[in-house]
Structure formats: C-alpha cells, structure tokens
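The following note sets out several points for a colleague who has the sequence and coordinates to hand.

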Amino acid sequence: RRATTDDPHDRDISTFPHTFAGSDFTTVGEIFSATANPDRKKAFDIRTVMRALSDQDHPVLERWAGMAGAQTSVVQDVHLGGLPVCLIGIESRAVPRRGFPPTDGPDTYTAGTLFPQSSKKVARAINSASGNRPLVVLANLSGFDGSPESMRKLQLEYGAEIGRAIVNFQGPIVFCVISRYHGGAFVVFSKALNPTMTVLALEGSFASVLGGAPAAAVVFAGDVNSRTANDPRIRDLET
C-alpha cells in the first residue's frame, strides 16, 4: 500500500551526513565524488547510504540484522517515494569476524563481497519480497568469496539460490550499481534471468566481468605456451 510522504522525489542525498569511524567521508556525496573517491575503492557505511536514499519521514526496519555470518548483506524494509520496497545493500567496509576464523577462510569479511550466509540472506530477502513489494538492490559488489571455507560452507549453492530467487521473483526489480561491480555477481543479478529487472549505474561506477575468451587466455596460457614451444615447426624456426 502506498504511503503519504513529504519527502520530495528529487531530494539531493549528497548532503546527508556520513559519520563512520576511520572514514574520510563526511557526507554521502563524497562517496560518489570524482575528486574525493575517483576509483570508488574507499570504504564506506552502506547503511548510511540506504538511510539517505529512503524516505526521511518513514522509519526503516532492518531484517535479519543479527544473522550470524551474514553481516556483509543488509536487508531493509523502507519507503521510496511512498512505495514500500525491499532494499538490499552490500556492506562496503571490512567487517571483523567473531570467534576464531578457520585457517582456510578470510580473517575478516571483506567489503563488497558475499559470503555463504550473506548469500543465503539475500536469497531469503528476495523470496520474501516476491509478489508483495518491489526489490531495489544497491550494488557495490565484487562477487562471491571463493575461499576454501566458503566453498565448504555451500557458497555455490547459496549463490545459485539468489539466481533462482531472481528467476521466480514476481514484481519490479531495480538493480543499481553504486560503486564497483565485478565477478560472479553478473550471473545471478542478470536481466536475462528476469526481464522485469531495470539495471542502472551511477556515473563513475566501475563494472567488469571475465568473458570466455579472456578466461581461456588466462587459464590455458601456460598450456598454450608449452605446446607451442614443443611444436616441431617452432623448434625448426628457432634453430
């Protein structure tokens, strides 16, 4: 149900204060500034950006905030222009791990990365919003963590669940790249999976993915060089 709001739809969020320990940014606008953050690599607090974007005269409800191991994904029920939406953001700063991390996993949850439980949390959020409210994703996403620990803890399965949730989602999806976008995230957040998805990117954002030909050049470069060097025709030429 649409709610009344006095928050203007063209409000400039760049002046919204950003206060986070260890960060050089004082406002949200500096995060996306071509001078203050030209490479879009500096850490920032995604919850501040999400709060700046949502309607200021409506409260924010964060879902599954205490889900263990899922700190790098943030799920909120907010209003945008009076419309209730499910807003998903990816934490854009390193998050300390609790307890003693396994030796085959990262010491901290790195920024812009989905770990197994974070992937599970995102898939759960998309499924819960399907059929009753739109989905908005703010993506500063370098892909999925590929450490042995994450592979052991069903990273591939939970990542595939995101793709399944996108395929099954009923309603509009807005996917906006706000900083950097790399790796396997292209696969699960793809317009090919759901044609109702609108894909946007802020000016100055970075996006890249390794295609088939470049991947083959990287993976098989040594094999190709070895076979080429051992070819009799090449040896004759060298002689």
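1. R40 counts as buried, because its relative accessibility is 5% and the cut-off for burial is under 20%. This arginine is placed in the loop between α1 and α2. The model is predicted, and this applies to every point below.

2. The backbone at R40 also deserves attention. Its phi is positive, at about 55°, although R40 is not a glycine. Most residues other than glycine have a negative phi.

3. L154 likewise has a positive phi in a residue other than glycine, with a value near 70°. L154 lies in the loop between α4 (148-152) and α5 (155-168). Is L154 buried or partly exposed? At a relative accessibility of 37%, L154 counts as partly exposed, since that class spans the values between 20% and 50%.

4. T19 is found in the segment before α1. T19 is exposed, because its relative accessible area is 70% and the class begins over 50%. Between the C-alpha atoms of T19 and K153 there is a separation of 34 Å, and the two residues are 134 residues apart along the chain.

5. In helix α2, the buried residues are I46, T48, V49, M50 and A52. Which elements cover them? The cover includes the helix α1 (28-31) and the strands β2 (73-80), β3, β6 and β7.

6. The largest pocket holds about 340 Å³ of space. Its lining is made up of 18 residues, and those closest to the centre of the pocket are L53, L80, V136, L138 and C176. Two or more lining residues come from each of α2 (46-53), β3 (83-90), β6 (135-141) and β7 (173-182).

7. Which element gives the most to the lining of the largest pocket? It is β7, with 4 residues.

Definitions and conventions. Residues are numbered from 1 along each chain as its sequence is written. This is a predicted model: local features need pLDDT of at least 70, side-chain atom pairs count only at pLDDT 80 or more; totals for chains, interfaces and linings use all residues. Side-chain values use heavy atoms; hydrogens and water are left out. On a 1 Å grid over the protein atoms alone, a cavity is a set of points where a 1.4 Å probe fits but cannot get out, and a pocket is an open set with protein on both sides within 12 Å along at least five of seven lines; lining residues have an atom within 4 Å of a point. Grid points are joined across faces, edges and corners, and a volume is the space filled by probe spheres set on the points. Buried means under 20% relative accessible area, exposed over 50%, partly exposed in between (1.4 Å probe, protein chains only). Contact means heavy atoms within 4.5 Å.
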